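Hello,

Here is the structure I promised to hand over. Please open it first, then read my notes beside it.

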Amino acid sequence: MLLEDSYVKFLIEHDLTQSQYLLLHLLHKGRADLIREYKEKFPSDDNTMIGKIFIDDLVRKGFLAEDN
């Protein structure tokens, strides 16, 4: 069940897009299968789920660790 108030307030507070949040949620839950499905249905130019720019933004904000 989605708690709309909390969800929208979290997005606003952390300046995230819905796609960024979805990626974080699926990573947290370990749902690589759903990430693959999403990428098949909504392919990006760089073969990521949400695009490198948005992933870099998550790294910059501290939500993801930089992959070295």
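**Start at Asp 57**

Asp 57 is buried, with a relative accessible area of 15%. The cut-off explains the label: a residue counts as buried because its relative accessible area is under 20%. One point before going on: this is a predicted model.

Where does Asp 57 sit? Asp 57 is found in helix H4. Now look at its surroundings. Set aside the neighbours within four places in sequence, and Asp 57 is in contact with Asp 15 and Gln 20. Both residues come up again below.

Some background first. Side chains of opposite charge can pair when their charged atoms come close.

Which side chain meets that of Arg 60 in a salt bridge? The side chain of Asp 57 does, at 2.5 Å from N to O.

Lys 61 is another partner. Its side chain and that of Asp 57 meet in a salt bridge of 2.8 Å, N to O. Lys 61 is partly exposed, with a relative accessible area of 24%. Salt bridges that share partners join Asp 15, Asp 57, Arg 60 and Lys 61 into one network. The side chains of Asp 57 and Lys 61 also make a polar contact, at 2.8 Å.

Take Gln 20. Is Gln 20 buried or exposed? Gln 20 counts as buried, at 1% relative accessibility. Gln 20 has its place in helix H2. Leave aside its neighbours within four places in sequence. Gln 20 is then in contact with Asp 15, Ile 50, Phe 54, Asp 57 and Leu 58.

Now Asp 15. Asp 15 is found in the loop between helix H1 (4-14) and helix H2 (18-29). At 56% relative accessibility, Asp 15 counts as exposed. Check its backbone too. Phi of Asp 15 is near 55°, a positive value in a residue other than glycine.

**Another positive phi**

Look next at Asn 47. Where does Asn 47 lie? Asn 47 is in the loop between helix H3 (32-41) and H4. Phi of Asn 47 is near 65°, which is again a positive value in a residue other than glycine. Asn 47 counts as exposed, at 60% relative accessibility.

**Salt bridges elsewhere**

How many salt bridges does a search of the whole structure find? The search finds five. Among them is the one between Arg 31 and Asp 33. The closest N and O atoms of Arg 31 and Asp 33 are 2.7 Å apart. Arg 31 counts as partly exposed, at 34% relative accessibility. Asp 33 is partly exposed as well, with a relative accessible area of 29%.

**The pocket**

How is empty space found? Rolling a probe the size of a water molecule over the atoms shows where empty space is left.

The largest pocket has a volume of about 170 Å³. Which residues line the largest pocket? They are Lys 52, Ile 55, Asp 56, Val 59, Leu 64, Ala 65, Glu 66 and Asp 67. By class, this lining has four nonpolar and four charged residues, and no polar ones.

**The whole chain**

Now step back. How many helices and strands are there in the chain? There are four helices and zero strands. Read along the sequence, the pattern is α-α-α-α. The C-alpha trace spans about 30 × 25 × 20 Å along its principal axes.

The chain has 68 residues, and 19% of them count as buried. Asp 57, where these notes began, counts as buried. Gln 20 does too.

One last number concerns contacts along the chain. Take the contacts with a separation of 6 or more. Residues 24 or more positions apart account for 46% of them.

Then find its contacts Asp 15 and Gln 20. After that, pick out Arg 60 and Lys 61, the salt-bridge partners described above.

Best wishes

Definitions and conventions: Residues are numbered from 1 along each chain as its sequence is written. This is a predicted model: local features need pLDDT of at least 70, side-chain atom pairs count only at pLDDT 80 or more; totals for chains, interfaces and linings use all residues. Side-chain values use heavy atoms; hydrogens and water are left out. On a 1 Å grid over the protein atoms alone, a cavity is a set of points where a 1.4 Å probe fits but cannot get out, and a pocket is an open set with protein on both sides within 12 Å along at least five of seven lines; lining residues have an atom within 4 Å of a point. Grid points are joined across faces, edges and corners, and a volume is the space filled by probe spheres set on the points. Ala, Val, Leu, Ile, Met, Phe, Trp, Tyr, Cys and Pro count as nonpolar, Asp, Glu, Lys and Arg as charged, and the others, Gly among them, as polar. A salt bridge is a side-chain nitrogen of Lys or Arg within 4 Å of a carboxyl oxygen of Asp or Glu. Buried means under 20% relative accessible area, exposed over 50%, partly exposed in between (1.4 Å probe, protein chains only). Helices (H or I, at least four residues) and strands (E, at least two) are DSSP runs, numbered from the N terminus. A polar contact is a pair of N or O atoms within 3.5 Å; within protein, one must be able to donate a hydrogen and the other to accept it, and residues adjacent in sequence count only if both atoms are side-chain atoms. Contact means heavy atoms within 4.5 Å.
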